Amino acid sequence: MDLWQIDAFADRPFSGNPAAVCWLEEERDDGWRQAVAAEMNLAETAFLTAGPDGFGLRWFTPGLEVDLCGHATLASAQYLWESGRLAPGTVARFHTRSGLLTAVRDGEWIVLDFPATPPQPAPAPAELEPGLGLTPRWVGRTAFDVFVELDNAAQVRQLTPNLEHLTGIPARGIIVTAAGDRQGVDFVSRFFGPAAGVPEDPVTGSAHCALGPFWAERLGKTRLIGFQASKRGGTVRVEVLGDRVLLGGQAITVLRGTLLA
């Protein structure tokens, strides 16, 4: 079985967010998929299968299956085109637990069509402030995550959370964001998902399904540039279109392998 590692939301090797992409000629059980994801020990491992109208796509962290993942979808599209399983210029159609998702090429960029998941105001979980070590400016909830706005980008960049506290929060993860502090960047963010086996995700495409609508409303524009300020870092282009969000990023294949087990 093909098992590739692709850096997503990356403009150079060893940046952005690495995802494993596994091509399955036949279905394998969930326990096997979870074991492969744990073996890869990346934020996400994507499993692709051929279908009559596109491809089946599922995502696993080292600890569990998730309902939506951006960077591993972007990596999956890159794999399909680069491996020749999908003709260049053809739309990649993915059937997932979050419905139909698509990817198209735009020069050196790949654009994903994802559902918007705007955050709604919500009480702060008891473990949030001890976990972050500061008081949020605004707290909300998305379909998957706790959403936190801080006062400024420096707080986001310098944040050193207590992951033990954050693990106790009943959510996939915690999105932390603030307005951008550099030219050409509308907002910065980070994502912590220790409960899902991902202490910090380098670049989280699905988080931008919430970040896009949030900052579009506050900044009064629908096209934005987000920078996820992890150690690896990555840029995400975002366009908000009602209940959908277009996410743009680049991808670079860094490893091609064969899974034997």
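1. Salt bridges, taken here as a side-chain nitrogen of Lys or Arg within 4 Å of a carboxyl oxygen of Asp or Glu, number 17 when the whole structure is searched. The structure is a predicted model, in which local features need pLDDT of at least 70 and side-chain atom pairs count only at pLDDT 80 or more, while totals for chains, interfaces and linings use all residues. Residues are numbered from 1 along each chain as its sequence is written, and side-chain values use heavy atoms, with hydrogens and water left out.

2. One of these salt bridges joins Arg-232 to Asp-7, with an N to O distance of 3.3 Å. The pair links distant parts of the chain, 225 residues apart, since Arg-232 sits in the loop between strand E15 (223-228) and strand E16 (234-241) and Asp-7 belongs to strand E1 (residues 2-8); helices (H or I, at least four residues) and strands (E, at least two) are DSSP runs numbered from the N terminus. Asp-7 is buried at 1% relative accessibility, whereas Arg-232 is partly exposed at 28%, where buried means under 20% relative accessible area, exposed over 50% and partly exposed in between (1.4 Å probe, protein chains only).

3. A salt bridge also connects Asp-30 and Arg-58, whose closest N and O atoms are 2.9 Å apart. Here helix H1 (residues 30-40), which holds Asp-30, is linked to strand E4 (residues 54-60), which holds Arg-58, and the two residues are 28 residues apart. Asp-30 is partly exposed with a relative accessible area of 40%, and Arg-58 is partly exposed at 23%.

4. For Asp-113 and Arg-244, the closest N and O atoms of the salt bridge are 2.8 Å apart. Asp-113 lies in strand E8 (residues 109-115) and Arg-244 in strand E17 (residues 244-249), so this pair ties together parts that are 131 residues apart in sequence. Both count as partly exposed, Asp-113 at 25% relative accessibility and Arg-244 at 24%.

5. On the overall fold, the secondary structure comes to six helices and 18 strands. Along its principal axes the C-alpha trace spans about 50 × 35 × 30 Å. Of the contacts (heavy atoms within 4.5 Å) with a separation of 6 or more, 62% are between residues 24 or more positions apart.

6. Buried residues make up 56% of the 261 residues. The protein exposes about 11,000 Å², with carbon and sulfur atoms supplying 50% of that area, as computed by the Shrake-Rupley method with a 1.4 Å probe.

7. Two backbone angles deserve a look. Most residues other than glycine have a negative phi. Phe-9, however, has a positive phi near 55°, and Phe-14 has a positive phi of about 65°. Phe-9 lies in the loop between E1 and strand E2 (17-24), and Phe-14 is also placed in the loop between E1 and E2. Phe-9 is buried at 3% relative accessibility, whereas Phe-14 is exposed at 66%.
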